[in-house]
Amino acid sequence: MFDNHHPYRALEEPNVIQVLLVHHLGLLRSGLAALLDEAPDMEVKDVPWSGDTSRLRSLRADVCVVDMELPELPDGGGVTELCRHMTAAKCGLLVLATPGRPGLLRRAYDAQAMGFVNKDATPQKLMEGIRHVAAGRRYVDESLAHDLLRAADMPLTARELSVLSLAAKGATVSEIAGRLHLSRGTIRNYMSAITRKTGARNRVDAIRISQGAGWV
């Protein structure tokens, strides 16, 4: 008869990956968590998207799975900030993304994400991605590969993206200048450069193009 409490039994069991799942939609989040919990090598903690990144960072995990289209928060906190917090906490980052929005992938890549999975992928593909990231290996869903290549061609600088993000929220030139501690003339120059680089007709068109690509 075998002893279930044999001291060497634990050595034969696979390492369990601690997964942190962040999403703002409760039904979707709990459904994904239930699917991942079926994997024998994963333990999942699902938490709502509240913007309290310091609290999320304090939660121990090997891999953080986050939707790159989480809504922006009133205080300005966003998913990019969450991604940076998690990677700074030495937690592998896997993002869920929609094809056709390379800007979202670029922001995730800049935040040192290791995994990129299509939101329309199968649960098995998500599990595969989590295992790769937990092992320190990059994972790119083949359906997102073209968008990831396009993401490298983003024409706007970080400062231009900051200006455009504020403009997309309805801020005036004066308000943007005040927030970024720049002159109004400098902001107008940035907006002109943004319009030229995006091939837009005007500021409104530049915002529309950039939002469609996921830059802002």
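Mentor: The UniProt record, an unreviewed entry, places the feature "modified residue: 4-aspartylphosphate" at Asp 67, and what follows describes that position in a predicted model. Asp 67 lies in strand β3, and because its relative accessibility is 4%, below the 20% under which a residue is called buried, Asp 67 counts as buried. Leaving aside residues up to four places away in sequence, Asp 67 touches Val 22, His 23, Val 79, Leu 96 and Lys 119.

Turning to the strand that carries this residue, β3 spans residues 63-67 and pairs in the parallel sense with β4, residues 92-97, over five bridges; within this pairing, Val 66 has Val 95 of β4 as its bridge partner. Both strands belong to an open sheet of six strands with parallel pairing, in the order β2-β1-β3-β4-β5-β6, whose edge strands, β2 (42-48) and β6 (139-140), each pair on one side only. Helix α4, residues 79-88, lies across β1 (17-23), β3 and β4, and runs at about 175° to β3.

As for the chain around this site, there are 11 helices and six strands, and buried residues make up 44% of its 216 residues. Among contacts with a separation of 6 or more, 65% are between residues 24 or more positions apart, while the chain exposes about 11900 Å², of which carbon and sulfur atoms supply 51%.

Definitions and conventions:
Residues numbered from 1 in each chain as written. Predicted model: local features only at pLDDT ≥ 70, side-chain atom pairs only at ≥ 80, totals over all residues. Heavy atoms only, no water. Helix = DSSP H or I, 4+ residues; strand = E, 2+ residues; numbered from the N terminus. Buried < 20%, exposed > 50% of the residue type's maximum accessible area, 1.4 Å probe, protein only. Contact = heavy atoms within 4.5 Å. Areas by Shrake-Rupley, 256 points an atom, 1.4 Å probe, with all protein chains shown as cover. Pairing = 2+ DSSP bridges. Axes fitted to C-alpha atoms, helices over the stretch in contact; angles between N-to-C directions. UniProt positions renumbered as here; feature names shortened; annotations may be inferred.
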